[in-house]
Amino acid sequence: MQKRSAVVSFIEEERAKGLTNKEIQHKLLDAGWQMDIIHKVMDKDNMSKTPTPHNPPVQPRSTIELRHIAYGLGGVFILLVLFVAFA
(Lines give C-alpha, C1' and ligand atoms only; values in the text may rest on other atoms or scores of the structure.)
Protein backbone atom coordinates (compact mmCIF):
# COMPACT_ATOMS: atom_id res chain seq x y z
CA MET A 1 0.00 0.00 0.00
CA GLN A 2 1.36 3.41 -0.94
CA LYS A 3 1.89 5.85 1.91
CA ARG A 4 0.27 9.24 1.24
CA SER A 5 2.14 12.37 2.17
CA ALA A 6 0.89 14.62 4.94
CA VAL A 7 0.27 17.48 2.50
CA VAL A 8 -1.88 15.36 0.18
CA SER A 9 -3.89 14.00 3.11
CA PHE A 10 -4.36 17.51 4.50
CA ILE A 11 -5.51 18.84 1.11
CA GLU A 12 -8.02 16.00 0.70
CA GLU A 13 -9.40 16.55 4.21
CA GLU A 14 -9.77 20.30 3.69
CA ARG A 15 -11.44 19.82 0.29
CA ALA A 16 -13.87 17.41 1.93
CA LYS A 17 -14.74 20.23 4.33
CA GLY A 18 -15.54 22.44 1.33
CA LEU A 19 -12.52 24.75 1.39
CA THR A 20 -11.24 26.26 -1.86
CA ASN A 21 -7.70 25.74 -3.16
CA LYS A 22 -6.80 29.31 -2.18
CA GLU A 23 -7.98 28.77 1.40
CA ILE A 24 -6.03 25.51 1.60
CA GLN A 25 -2.90 27.23 0.23
CA HIS A 26 -3.16 29.94 2.89
CA LYS A 27 -3.49 27.33 5.64
CA LEU A 28 -0.45 25.44 4.36
CA LEU A 29 1.59 28.64 4.08
CA ASP A 30 0.59 29.60 7.63
CA ALA A 31 1.72 26.15 8.77
CA GLY A 32 5.17 26.76 7.25
CA TRP A 33 4.98 24.84 3.96
CA GLN A 34 6.80 26.30 0.97
CA MET A 35 4.76 27.59 -1.97
CA ASP A 36 6.61 25.49 -4.56
CA ILE A 37 5.77 22.29 -2.68
CA ILE A 38 2.14 23.35 -2.32
CA HIS A 39 1.85 24.11 -6.05
CA LYS A 40 3.60 20.88 -7.01
CA VAL A 41 1.25 18.76 -4.88
CA MET A 42 -1.90 20.62 -5.92
CA ASP A 43 -0.97 20.51 -9.62
CA LYS A 44 -0.17 16.80 -9.41
CA ASP A 45 -3.45 16.23 -7.54
CA ASN A 46 -5.44 18.15 -10.17
CA MET A 47 -3.69 16.31 -13.02
CA SER A 48 -4.59 12.91 -11.59
CA LYS A 49 -8.28 13.74 -11.60
CA THR A 50 -9.36 13.60 -15.20
CA PRO A 51 -12.48 15.64 -15.76
CA THR A 52 -15.42 13.82 -17.24
CA PRO A 53 -16.72 15.54 -20.36
CA HIS A 54 -20.15 17.03 -20.07
CA ASN A 55 -22.28 15.79 -22.92
CA PRO A 56 -25.82 17.09 -22.69
CA PRO A 57 -28.43 14.68 -23.98
CA VAL A 58 -29.37 15.16 -27.60
CA GLN A 59 -32.94 16.31 -27.85
CA PRO A 60 -34.96 15.69 -30.98
CA ARG A 61 -36.21 18.72 -32.82
CA SER A 62 -39.83 19.49 -32.21
CA THR A 63 -42.31 19.26 -35.07
CA ILE A 64 -42.98 23.00 -34.78
CA GLU A 65 -39.29 23.77 -35.23
CA LEU A 66 -39.11 21.42 -38.23
CA ARG A 67 -42.19 23.09 -39.70
CA HIS A 68 -40.52 26.52 -39.41
CA ILE A 69 -37.45 25.20 -41.20
CA ALA A 70 -39.59 23.70 -43.96
CA TYR A 71 -41.53 26.97 -44.44
CA GLY A 72 -38.28 28.91 -44.59
CA LEU A 73 -36.78 26.60 -47.20
CA GLY A 74 -40.04 26.64 -49.17
CA GLY A 75 -40.03 30.43 -49.15
CA VAL A 76 -36.46 30.54 -50.41
CA PHE A 77 -37.35 28.07 -53.19
CA ILE A 78 -40.33 30.17 -54.29
CA LEU A 79 -38.20 33.34 -54.34
CA LEU A 80 -35.58 31.59 -56.49
CA VAL A 81 -38.25 30.37 -58.92
CA LEU A 82 -39.71 33.89 -59.17
CA PHE A 83 -36.25 35.36 -59.66
CA VAL A 84 -35.46 32.93 -62.48
CA ALA A 85 -38.89 33.42 -64.10
CA PHE A 86 -38.74 37.24 -64.15
CA ALA A 87 -35.04 37.89 -64.56
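**Salt bridges and helices**

Reply: The count of salt bridges comes to 2, where a salt bridge is a side-chain nitrogen of Lys or Arg within 4 Å of a carboxyl oxygen of Asp or Glu. This is a predicted model, in which local features need pLDDT of at least 70 and side-chain atom pairs count only at pLDDT 80 or more, while totals for chains, interfaces and linings use all residues. Residues are numbered from 1 along each chain as its sequence is written, and side-chain values use heavy atoms, with hydrogens and water left out.

Me: What pattern does the protein chain follow along the sequence?

Reply: Helices (H or I, at least four residues) and strands (E, at least two) are DSSP runs, numbered from the N terminus. The protein chain has 4 helices and 0 strands. Read along the sequence, the pattern is α-α-α-α.

Me: Which residues are linked in a network of salt bridges?

Reply: The side chains of E14 and K17 meet at 3.1 Å, N to O. The side chains of K27 and E14 meet at 3.0 Å, N to O. K27 lies in helix α2 and E14 in helix α1 (residues 6-16), so this pair ties together parts that are 13 residues apart in sequence. The network of salt bridges links E14, K17 and K27.

Me: Is E14 buried or exposed?

Reply: Buried means under 20% relative accessible area, exposed over 50%, and partly exposed in between (1.4 Å probe, protein chains only). K17 has a relative accessible area of 58% and is exposed, and K27, with 38%, is partly exposed. E14 has a relative accessible area of 3%, which means that E14 is buried.

Me: Where on helix α1 do its buried residues fall?

Reply: The buried residues in α1 are V7, V8, I11 and E14. Seen down the axis of α1, they fall within an arc of 130 degrees, so they line one face of the helix. The arc is that of the directions from the helix axis to the C-beta atoms. A6 and A16 are exposed on the other side of α1, and the arc of the buried residues is 130 degrees.

Me: Which residues are exposed on the face of α2 turned away from its buried side?

Reply: In α2, I24, Q25 and L28 are buried. Their arc, seen down the axis of α2, is 100 degrees, so they line one face of the helix. The face turned away from this buried side carries the exposed residues K22 and D30.

Me: Which residue takes a positive phi just after α2?

Reply: Just after α1, G18 takes a positive phi of about 100 degrees. Just after α2, a positive phi of about 105 degrees is taken by G32.

Me: What distance separates the C-alpha atoms of I38 and Q25?

Reply: Q25 is in helix α2 (residues 21-30), and I38 lies in helix α3. Q25 is buried at 11% relative accessible area, and I38 is buried at 1%. Not counting residues up to four places away in sequence, Q25 touches M35, I38, H39 and M42, a contact being heavy atoms within 4.5 Å. The C-alpha atoms of I38 and Q25, 13 residues apart along the chain, are separated by 6.9 Å.

Me: How much accessible area does the nonpolar patch on the surface have?

Reply: Patches are made of residues with over 30% relative accessible area and no salt bridge, like charges being joined within 9 Å and nonpolar side chains (Val, Leu, Ile, Met, Phe, Trp, Tyr) within 5 Å. One of the patch residues is L82, which is in helix α4 (residues 63-86) and is partly exposed at 42% relative accessibility. Accessible areas come from the Shrake-Rupley method with a 1.4 Å probe, and for residues only the protein chains shown count as cover. Together, F77, I78, L79, V81, L82 and F86 have about 680 Å².
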